[in-house]
Amino acid sequence: MVPLLVAVAVVVLRRHLSRRATWMLTLATSAAVVGLAATLLVEVHGGLHVYWFGGWTPRHGVALGVSFTVDPFGVLGACFAGLLVSAVVLVATRVEQFGALAHALLLVLLAAAVGFCLTGDLFNLFVFFELMSVCTIALIAVNTSDVRSLRGALHFAIVNSIGAFFVLIGIALLYARTGALNLAVMGQRLAAHPADQLVVTAFALIVVGFLVKAAIVPFHFWLVDAATAAPAPVAMLMVGLLDTLGLYAIARVYWTVFSGPLHAHLALVQSVLIGAGVATAILGALLCLVQPLATRRLAFVSISHSGLALIAIGLLNPIGLAGFGIYACADGATKAALFSLVRAPRRTRGREPGSSPGWHGGRVGAALVVLAAAGLAGLPPGGTYLAKGLLEDGASGWGRVLLGGLVLVVSALTAGAVLHLLIGRRAGGGTAPAAEPAATGRWSWPLLAAAGLIGGAFVLGVVPGLGAHSLSAATRFEDRPVYAGTVLGVPRPASPTSREVDLGVVPALLGVAATAAGWGLARYRPFDSSRDRRRPVGAAPPVPLRRLQQLHRGGIGDSAAWLTFGTATIGAVLALGIR
Amino acid sequence: MTPRTRRLLFLASAPVLGIVVVAGLVGLPRFGHSTAQYGRVLNAVSVPERHITDVVTAVNFDYRGVDTMGEEFIFFAAVAGVVLLLGTQADESPGHVEDAATGRWVPPTSDAVRVLGLALVGPTVLFAIYVIAHGHLTPGGGFQGGVVLATAVLLVYLAGEYQHLHGLYPDRAIEGLEAGGAAAYVALGIAGLALSGSFLANWAPLGKLGHLNSAGIVPILNVVVGAEIAAGFVLLLSAFLHQTLILRRHVRPPAPVDPHRRQP
């Protein structure tokens, strides 16, 4: 696992290279990370590997050093990060400003993401979290001559720094209580006592810090700004990788540290997480319909789907978590691919809007957008279909019916919004995509990368036994005593878990229905604001939606106010509920 | 959202957040009643095992050395980001920048500042080397010493002119030093992997307690970090100065200078 960091750090040095050599080298490194992570995945299969840096194994139950605690989920995250960064490097060949320094930052970001996934230490998690943020800030603003991108970077920097402070305060509280920073040791110490206010505050602050990164309502404003302003490769990272990792961290921290004391209040924690997820999913799905700007629309699609992923985690059971693992990979890859396909609006005035298609790559690109929309909707046999099936399987009773309905509606709305990008442009008087000048190249590198991501997301759905594997990995992920025992060198036998995943026919039907509904929605575009561009944006949608949309025109101050509000709400609900 | 509603939203939720945080802080152990086993174990273990007298440095560079590697790369990424963002853009080119506010009186650098600045350069460098080299014995280390070392370069700028500063060091070498410092940390970690079996494990002789050459690889790591931090700060300084003093944008034509106005 260490060679990952090594490979990256070595390449960071090589700054005086030609452009071509730089991106080839970057690509080779990220591909190497994928290879190593895949090897590691095979190696840890069915178990938990603990690696103590500097050889500082724990003594008398005190963890002296920092450990990487490697389980299949973490390695999957690392593998996904490597794949996504590889795709980003390919897409970045199109972006002029992406020089050697930007590639170096990209590699540092990858190293941080890998460390974030593998680490078994709370403070180490925070260090890698910060490292990712620092790299992202600079990458968002890489096109410095554009004021919007500087603004987006500033927004990201401020909001995410506040989130990081929350996490740090939470860590400090927990350290004062437990005298440890290792996840396993902290969890063991906390489990000895019932939850009190200190634990609750720490939990709320840490969760909020990571929810900010995951762009969950009401902490999502930065993503709208930053993803709209950032160059396509960086936006891919934000919607594909950062939000997934934020959610992953919540699951990791809950199950290793807090699941002991908070287990008595399971329903409350569930309802807080699922509530935030539902709000995010619905808000994102509604607002993505009324965004005329393609990148902004995709940002809301992405927010909406992060909400679904949070619901999967918030179920707080192995089935939901297994669904999250698959969903995060398949959906993250698809969202990232969409960002690479959609063309940012040119700022040249005087050209008739819609005179060039809104996506790259001509017909092939258009076909890929359609495929991606189907993937977002959960059309079988896509990876998202499998994941959504698991997600619905994780709930029971009425919750299951409600959740199924929510997933159906949200999937249909977001897929419709994406498909509408194609149809709306074509019907809006633009030239047919066939008229795209051939100079852009039919199968350029970026297009190949997008095809790979979308194809990969579909392949995930047909890998035999993936559901069952994921389920057993998730069960182990949530087994705190076994985790702590392995880390501290007192291994306990894991309870055997072998369960066949049988989704039945309902999720498949739902997936087909969502895709069909999305298609219909795109054809008939009930809330079309792009039909007539002279009309002020937001004139078409009904009043409540317009109000919501207006909320998103504010600046960083609004974002900070909402951040305060969200943190206060989550903290107060948890505190009052547990008292 | 209007500023008024924003303020209301903030003012309504901030006290609630405050109460939640304070209620959590109440649960902290009372002052002087730390329950932290970690500190106790380390205080007992680090001096005999590592031959190191500064336990904080032992935690930073030995027990939790990989965290420090992450911190070092945070600094590295921040410097790279600043250099990236302040670098020459498409619409900028080097040239002499006209003073935008013509007619104001800029005091020349006084003799006192020149003399004191130049006189302090030597002691500052010496002090920085001391702080870096004694990181494992007394409070200090690579991060602190590196910043002090970079201050020496800043003093040269204060006492002289930008041109003097620029002649002082080759940009390439500083860049190399910065990247080299970051890479060397990782390299030392790999050396630990190769020689002692795990990443960042100690492989150097521990030496005699309290001597300059003790505590294994900790002083080497300190030197490496010190080099990176000092070089990084110099890079930051020169990137900012370069931006304000050398580059100019093409967007706006230089303001016409009134020849009749009194020049300073």
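1. In this predicted model, 63% of the 579 residues of chain A count as buried. The secondary structure of that chain comes to 22 helices and two strands. Its contacts also reach across the sequence: among those in chain A between residues at least 6 apart, 82% join residues at least 24 apart.

2. On confidence, the model as a whole scores ipTM 0.80 and pTM 0.83. Chain A has a mean pLDDT of 73, and 73% of its residues reach 70 or more. Two stretches of chain A call for care in reading: over residues 345-356 the pLDDT is below 50, and beyond near neighbours in sequence this stretch has nine contacts in the model, while over residues 425-441 the pLDDT likewise stays under 50, with 23 contacts beyond four places in sequence.

3. For chain B, the average pLDDT is 75, and 80% of the residues score at least 70.

4. The largest nonpolar core holds 268 residues, of which L105(A), V108(A), A113(A), L131(A), C135(A) and V418(A) touch the most other members. Helix α10 of chain A, spanning residues 232-262, gives the most to this core, with 21 residues. For A113(A), the contacts that remain once neighbours within four places in sequence are left aside are with A81(A), M132(A), L241(A) and L245(A).

5. A colleague looking at the packing of helix α10 of chain A may ask: at what angle do the axes of α3(A) and α10(A) cross? The axes of helix α3 (residues 72-92) of chain A and α10(A) cross at roughly 170 degrees and come within 9 Å, which makes α3(A) roughly antiparallel to α10(A), as the angle is over 145 degrees. From α3(A) the contact draws on G77(A), A81(A), L84(A), V88(A), V91(A) and A92(A), and from α10(A) on A232(A), P233(A), M236(A), L237(A), G240(A), L241(A), L245(A) and Y248(A). By class, the residues of this contact divide into twelve nonpolar and two polar, with no charged residue. A81(A), L241(A) and L245(A), which take part in this contact, are also among the residues that A113(A) contacts.

6. Turning to the interface, 59 residues of chain A are in contact with 54 residues of chain B. On the side of chain A that touches chain B, the elements giving two or more residues are α1 (2-13), α4 (100-118), α5 (122-140), α6 (147-178), α8 and α22 (556-578) of chain A. That side of chain A has 40 nonpolar, 14 polar and five charged residues.

7. One residue of chain B that reaches across to chain A is V83(B), which, leaving aside its neighbours within four places in sequence, is in contact with L101(A), L235(B) and A239(B). V83(B) is found in helix α4 (residues 65-86) of chain B. Is V83(B) buried or partly exposed? V83(B) has 19 other C-beta atoms within 10 Å and is therefore partly exposed, since 20 or more would be needed to count as buried. Between V83(B) and F240(B) there are 157 residues in sequence, yet the C-alpha to C-alpha separation in space is 8.7 Å.

8. A215(A), in the loop between α8 (197-214) and α9 (221-229) of chain A, has phi near 55 degrees, a positive value in a residue other than glycine. L316(A), in the loop between α12 (294-314) and α13 (318-341) of chain A, also has phi near 55 degrees, again positive in a residue other than glycine. A215(A) is buried because 28 other C-beta atoms lie within 10 Å, and L316(A) counts as buried because its C-beta neighbours inside 10 Å number 22.

Technical notes
Residues numbered from 1 in each chain as written. Chains lettered and ligands numbered in written order. Predicted model: local features only at pLDDT ≥ 70, side-chain atom pairs only at ≥ 80, totals over all residues. Helix = DSSP H or I, 4+ residues; strand = E, 2+ residues; numbered from the N terminus. Buried ≥ 20, exposed ≤ 12 C-beta atoms within 10 Å, placed from the backbone. Contact = placed C-beta atoms within 7 Å. Core = buried A, V, L, I, M, F, W, Y, C linked by C-beta atoms within 7 Å. Nonpolar A, V, L, I, M, F, W, Y, C, P; charged D, E, K, R; others polar. pLDDT = per-residue confidence, 0-100. Axes fitted to C-alpha atoms, helices over the stretch in contact; angles between N-to-C directions. Parallel < 35°, antiparallel > 145°, perpendicular 65-115°, else oblique.
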